[in-house]
Amino acid sequence: MRPNTSDRPPLLRGRLRTLLLSGVTALALVCGLLLAWPDRAGAAADPLISRGKPATASSTETSSLGAKNAFDGDPATRWASAEGKDPQWIRVDLGPGATVSRVRLTWEAAYAKAYRVEVSTDGAAWTTLATEAAGNGGVDDWTGLSGKGRYLRVQGTARGTSYGYSLFEAEVYGTVEGGPPPGGAFTVVAAGDIAAQCTSSDSGCAHPRTAALAQRIDPKFYLTMGDNQYDDARLSDYRAYYDKSWGAFKAKTRPVPGNHETYDPAGPLAGYKSYFGSIAFPQGKSWYSYDEGNWHFVALDSNSFDQAAQIDWLKADLAANAKRCVAAYWHHPLFSSGGHGNDPVSKPVWKILYAAKADLVLNGHDHHYERFAPQDPEGRATADGIVEVVGGMGGAEPYPIEEIQPNSQKRISGPYGVVKLDFTDSGYGWTYVATDGQVKDTSPKYSCH
């Protein structure tokens with residue numbers, strides 16, 4: 001590991017370099033310093049629009065050096081990519097209708113020798129705003145830019161050191177149509193199939209590692225997609241295993257049960273209910289709903305999809321919903337390329353959600369990660385369909401991929417991890433992050449129906 005050089009003073013360069021030449025008048029020097037210091041009057045006519053916005057990167061050196069660190073306003077935190085690899089990128093979601101006039105990059109010792117600053121409306125096609133071919137680190141202040149798009153990306157093409165790319169801060173200035181960028185942005189961590197009967201003292205035990213990763217991400221709240229505790233989900237097992245890892249943030253967890261929660265000798269869901277209490281039964285049943293930002297979340301018990309009470313409740317809940325965006329989660333996936341495969345028990349619920357124009361479904365049960373393109377309950381690809389994610393890699397033994405289903409876009413079996421979901425008032429996206437901190441998959445960005 002190289003030392004963190006956060007105490008190294010930034011080097012002025014690039015567009016400001018000429019202001020430091022000998023012979024420049026004192027007045028010109030003062031003006032140059034004002035430009036280099038964004039908090040001074042007149043530094044930028046446009047406001048900072050990137051602070052705290054959802055960010056992703058092609059890779060991270062460790063989970064504590066994630067992309068969000070470059071947009072948090074804290075000069076002591078940083079993003080760092082995987083070491084020794086080109087190219088690498090970091091991007092931020094500025095919100096719809098953003099116009100960019102200035103980008104200020106504060107590099108750590110691992111800087112980019114060559115890179116591009118790019119903007120995109122859809123995250124797929126990129127337009128170059130600025131190009132650096134001979135970078136020397138420190139602070140790069142790109143002013144006088146003119147670009148429009150939702151996403152801004154710094155694309156590193158050549159490292160200045162043998163390490164990776166590392167930014168203390170990436171500040172984007174400009175305007176957003178209709179006022180400030182859309183509010184209500186928040187992050188959620190999701191996983192299913194979590195606590196095997198082991199603890200951190202066992203070298204092969206995975207759920208303490210996924211819990212540590214989930215806690216470092218520090219989301220608004222956590223979702224579990226069932227089979228939270230193996231094998232029979234007794235209360236004693238919850239206390240001995242789950243509580244020693246994911247239990248650290250139980251108060252911020254919004255769980256649902258899986259089939260293993262029904263195996264408890266004390267009765268189906270007995271240990272689950274005793275452990276989570278009102279957290280899992282906030283409305284008196286093992287299914288419930290809640291709102292966050294412009295999102296309506298529906299937590300369902302797929303062990304009871306044959307009960308009219310839950311189905312009738314779901315219909316009434318969706319009919320009363322006033323939020324634009326809808327996400328639902330439960331244990332058994334309708335579509336899966338894993339060992340359990342497609343589970344038709346979920347099809348009636350999919351039909352209800354599809355009719356209500358729901359956006360996202362999260363499941364566990366199969367112990368792998370998988371994402372699907374938008375589709376209808378019959379498995380036909382359609383732009384107005386529901387996006388499904390299987391996230392069963394929370395700690396239980398992985399299952400192999402067996403029969404790849406239509407519309408399956410990405411499948412990962414082996415690396416344990418969590419799904420990190422980034423929500424805004426009008427859309428969402430996610431990454432699958434492994435316990436070593438590496439981003440193994442990045443989803444497209446979706447808009448709500």
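User: In this predicted model, what makes the link of Cys-325 and Cys-448 right-handed or left-handed?

Analyst: Happy to take that one! The angle about the S-S bond is 105°, and the link of Cys-325 and Cys-448 is right-handed. This pair links distant parts of the chain: Cys-325 lies in strand 16 (residues 325-329), while Cys-448 sits in the segment after strand 24 (446-447), 123 residues apart.

User: How do you know that Cys-325 and Cys-448 form a disulfide?

Analyst: Their sulfur atoms are 2.0 Å apart. The cut-off is within 2.5 Å, so the pair counts as a disulfide.

User: Why is Cys-448 called buried?

Analyst: Buried means under 20% relative accessible area. Cys-448 has 6% relative accessibility, so Cys-448 counts as buried.

User: Why is the disulfide of Cys-198 and Cys-205 called right-handed?

Analyst: Because the torsion about the S-S bond of Cys-198 and Cys-205 is about 75°, the disulfide is right-handed.

User: Nice. How many disulfides does the rule give, and what is the pairing of the bonded cysteines in sequence order?

Analyst: The count comes to two disulfides. With the bonded cysteines numbered in sequence order, the pairing reads 1-2, 3-4.

Terms used: Residues are numbered from 1 along each chain as its sequence is written. This is a predicted model: local features need pLDDT of at least 70, side-chain atom pairs count only at pLDDT 80 or more; totals for chains, interfaces and linings use all residues. Side-chain values use heavy atoms; hydrogens and water are left out. Helices (H or I, at least four residues) and strands (E, at least two) are DSSP runs, numbered from the N terminus. Buried means under 20% relative accessible area, exposed over 50%, partly exposed in between (1.4 Å probe, protein chains only).
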